[in-house]
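Q: I have a model open here and would like to talk it through before writing notes. Could we go over the core, the sheet and the charged pairs in turn?

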Amino acid sequence: MDDEQGFPVIRQTVLDTADPRRLAEFYRQLFGLRYYPGDEPPGHGQPDPKGQDWLILTSPAGGPVLAFQKVGELPRATWPDGPVPQQLHLDATVPTMADLDVAHERALALGARLLQDRSDDPEEPLRVYADPAGHPFCIIAAV
């Protein structure tokens, strides 16, 4: 391969969901992200045409991070076993065990479901969750 040839750069991770606004709100609040300009939720009681199809969240520093795409039906992953395998999962890190506990409470309050707790693992303390659409994700403490 030519070392001077440009390589594609990953722009964002797209998650399928039956409810783009709900899942975007979950990850926006969990990770402290922002809506791409124009994708913000409408005022209370107003129609939400953007939230019915495709939404993008960006990092506070700028640039797309996650997008949410409407699908008619989404079977929940049956991780770690079962008939519906996960297609991908997100890994996030926090600096300390105390931060892992704070992130745990935030995730549950936002509607995540705890799938596995390995917070007592001395080499890689983590917890595995399912988001409101059923996608597994991990939060790992850097020790």
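This is a predicted model: local features need pLDDT of at least 70, side-chain atom pairs count only at pLDDT 80 or more; totals for chains, interfaces and linings use all residues.

Q: Which residues have the most contacts inside the largest nonpolar core?

A: Those are Tyr27, Phe68, Phe137 and Ile139, in a core that has 23 residues. At least two residues of this core come from each of α1 (20-31), β3, β4 (64-70), β5 (90-94), α2 (97-109) and β8 (136-141).

Q: And which element gives the most to this core?

A: That is α1, which gives five residues.

Q: OK, on to the sheet. What is the order of the four strands?

A: The order is β1-β4-β3-β2, in an open sheet whose pairing is mixed. At the edges stand β1 (13-17) and β2, each with a single partner strand, so one side of each is left without a neighbour in the sheet.

Q: How do β1 and β4 run, parallel or antiparallel?

A: β1 and β4 run parallel and are joined by five bridges, and within that pairing Val14 has Ala67 of β4 as its bridge partner. The helix α1 packs on the sheet, where it touches β1, β2, β3 and β4, and the direction of α1 makes about 160° with that of β4.

Q: What about β3 and β4, how many bridges there?

A: Five bridges join β3 to β4, and these two strands run antiparallel; Trp54, for instance, stands opposite Gln69 in β4. The two strands form a hairpin with five residues between them, and in the turn Gly62 has a positive phi of about 105°.

Q: How many bridges are there between β2 and β3?

A: There are two bridges, and β2 and β3 pair in the antiparallel sense.

Q: Is β3 largely enclosed or left open by the rest of the structure?

A: β3 is largely enclosed by the rest of the structure, because four of its five residues are buried.

Q: Why does Asp48 count as buried?

A: Its relative accessibility is 18%, and the cut-off for buried is under 20%.

Q: Changing topic: how many salt bridges does the count come to?

A: The count comes to seven salt bridges. One of them joins Arg28 to Glu25, with the closest N and O atoms 2.8 Å apart. These two residues are three apart in helix α1, so about one helical turn separates them, and Arg28 counts as partly exposed at 26% relative accessibility.

Q: Which salt bridge ties together parts that are 26 residues apart in sequence?

A: That is the one in which the side chains of Arg127 and Asp101 meet, at 3.1 Å from N to O. Arg127 lies in strand β7 (residues 126-130) and Asp101 in helix α2, so the pair ties together parts that are 26 residues apart in sequence.

Q: Are those two ends buried or partly exposed, and what are the values?

A: Arg127 is buried, with a relative accessible area of 7%, whereas Asp101 is partly exposed, with a relative accessible area of 36%.

Q: Which other residue forms a salt bridge with Arg127?

A: Asp117 does, with the closest N and O atoms 3.3 Å apart. This pair links distant parts of the chain, since Arg127 is in strand β7 and Asp117 in strand β6 (residues 113-118), 10 residues apart. Asp117 is partly exposed, with a relative accessible area of 40%. Through salt bridges that share partners, Asp101, Asp117 and Arg127 are joined into one network.

Technical notes: Residues are numbered from 1 along each chain as its sequence is written. Side-chain values use heavy atoms; hydrogens and water are left out. Buried means under 20% relative accessible area, exposed over 50%, partly exposed in between (1.4 Å probe, protein chains only). A nonpolar core is a set of buried Ala, Val, Leu, Ile, Met, Phe, Trp, Tyr and Cys residues joined through side-chain atoms within 4.5 Å. Two strands pair if DSSP finds at least two bridges between them. A salt bridge is a side-chain nitrogen of Lys or Arg within 4 Å of a carboxyl oxygen of Asp or Glu. Contact means heavy atoms within 4.5 Å. Axes are lines fitted to C-alpha atoms, for helices over the stretch in contact, and angles run from 0 to 180 degrees between N-to-C directions.
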